[in-house]
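Please view the sequence and the structure together before reading on.

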Amino acid sequence: FLGEQVFTSAIIEVSNKSREKIYFSVGHGEMGIDETDPRRGLSQLAHQLRLRSFDLAALDLTEFKDVPEDAGLIVVASPRALSKPTR
């Protein structure tokens, strides 16, 4: 039964003026929000966060040196690779 989830999501959506944005770091072998592998994926977490009216986005810190102004949270989930040295 999904009625309770839908109802709760609707209450959260109308009670919050703005949607918080959560960025997930990419580019170093981190766990991915679109990955369904139970050991390295975060697709279930991403689904639950979206139900709670969060906006999700990827953030490659090798391309952007500054944290976006709209970031409510940055998640770096289990990186596996070191970044390339910058000069």
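Leaving aside neighbours within four places in sequence, which residues is aspartate 60 in contact with?

## Basis of the report

The model is predicted: local features need pLDDT of at least 70, side-chain atom pairs count only at pLDDT 80 or more, and totals for chains, interfaces and linings use all residues. Residues are numbered from 1 along each chain as its sequence is written, and side-chain values use heavy atoms, with hydrogens and water left out.

## Aspartate 60

With neighbours up to four places away set aside, aspartate 60 is in contact with Val26 and Gly27; contact means heavy atoms within 4.5 Å. Aspartate 60 belongs to strand β2 (residues 55-60). Helices (H or I, at least four residues) and strands (E, at least two) are DSSP runs, numbered from the N terminus.

Aspartate 60 is buried but has no salt bridge. Buried means under 20% relative accessible area, exposed over 50%, and partly exposed in between (1.4 Å probe, protein chains only). A salt bridge places a side-chain nitrogen of Lys or Arg within 4 Å of a carboxyl oxygen of Asp or Glu. Lysine 65, the nearest side chain of opposite charge, is 7.9 Å away; Lys and Arg count as positive and Asp and Glu as negative, while His and the chain ends are not counted.

## Helix α2

Arginine 50 lies in helix α2 (residues 43-51) and is partly exposed, with a relative accessible area of 42%. Beyond four places in sequence, arginine 50 is in contact with Ile33 and Leu56. Leucine 49, with residues up to four places away not counted, touches Ile22, Phe24, Phe54 and Leu56.
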